[in-house]
Amino acid sequence: MRRLALVVMLLNLTLVLRAADPVIGTWHLNLAKSRYDPGPAPKSQTRIYREEGGGVKAVVITVYKNGNSDTVHYAVNYDGKEHPVDGSPDTDGILMQRVNDYTAESVLIHAGHTVGTARRTVSADGQTMTITFKTPEVNNTASYDKEKE
């Protein structure tokens with residue numbers, strides 16, 4: 001009986017761990033693996049994702065080459081509905097949907113108009129994240145490394 005209880009407990013733990021969003025954690029931009037077209041790339045960027053209300057709360061801290069910085073905040077539920085974005089001069093809304101356990105796609109909005117799209121993919125081992133961002137003028141691919149906890 002104890003063996004059966006242990007097996008059930010391990011199966012439940014496996015399901016809980018599998019269900020966790022792999023984006024949760026702190027990520028640092030890896031400039032050597034990133035491509036900014038037309039550029040310039042930022043000096044650094046840190047993305048912090050936390051679980052909140054069945055979705056994800058994000059804080060994105062960007063430091064630019066000229067020393068200026070901004071901090072962007074948003075919370076999404078992967079429901080395809082527009083959610084507010086604070087702290088960005090270019091985006092005031094985001095719609096996000098899950099493609100699979102490791103990938104999400106976003107539409108970025110400003111003043112009611114689509115200004116770009118993004119696709120975020122976390123590697124199967126959960127240690128690398130890639131975000132592609134596209135507008136008619138921009139085609140960026142940013143690579144991030146997960147901070148060790």
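Modeller: A charge sits over a ring if NZ of Lys or CZ of Arg is within 6 Å of the ring centre and within 35 degrees of the ring normal. Here the charged end of Arg98 is placed over the ring of Tyr78, at 4.1 Å from its centre, and Arg120 lies over the face of Tyr49, 5.4 Å from the ring centre. This is a predicted model, in which local features need pLDDT of at least 70 and side-chain atom pairs count only at pLDDT 80 or more, while totals for chains, interfaces and linings use all residues. Residues are numbered from 1 along each chain as its sequence is written, and side-chain values use heavy atoms, with hydrogens and water left out.

Biologist: Is strand β1 enclosed or open, and why?

Modeller: Strands are DSSP runs (E, at least two residues), numbered from the N terminus, and buried means under 20% relative accessible area, with a 1.4 Å probe and protein chains only. Four of the five residues of β1, which spans residues 25–29, are buried, so this strand is largely enclosed by the rest of the structure.

Biologist: Which strands does β1 run antiparallel to?

Modeller: Two strands pair if DSSP finds at least two bridges between them. Four bridges join β1 to β2 in an antiparallel arrangement, and three bridges join β1 to β10, also antiparallel.

Terms used. Buried < 20%, exposed > 50% of the residue type's maximum accessible area, 1.4 Å probe, protein only.
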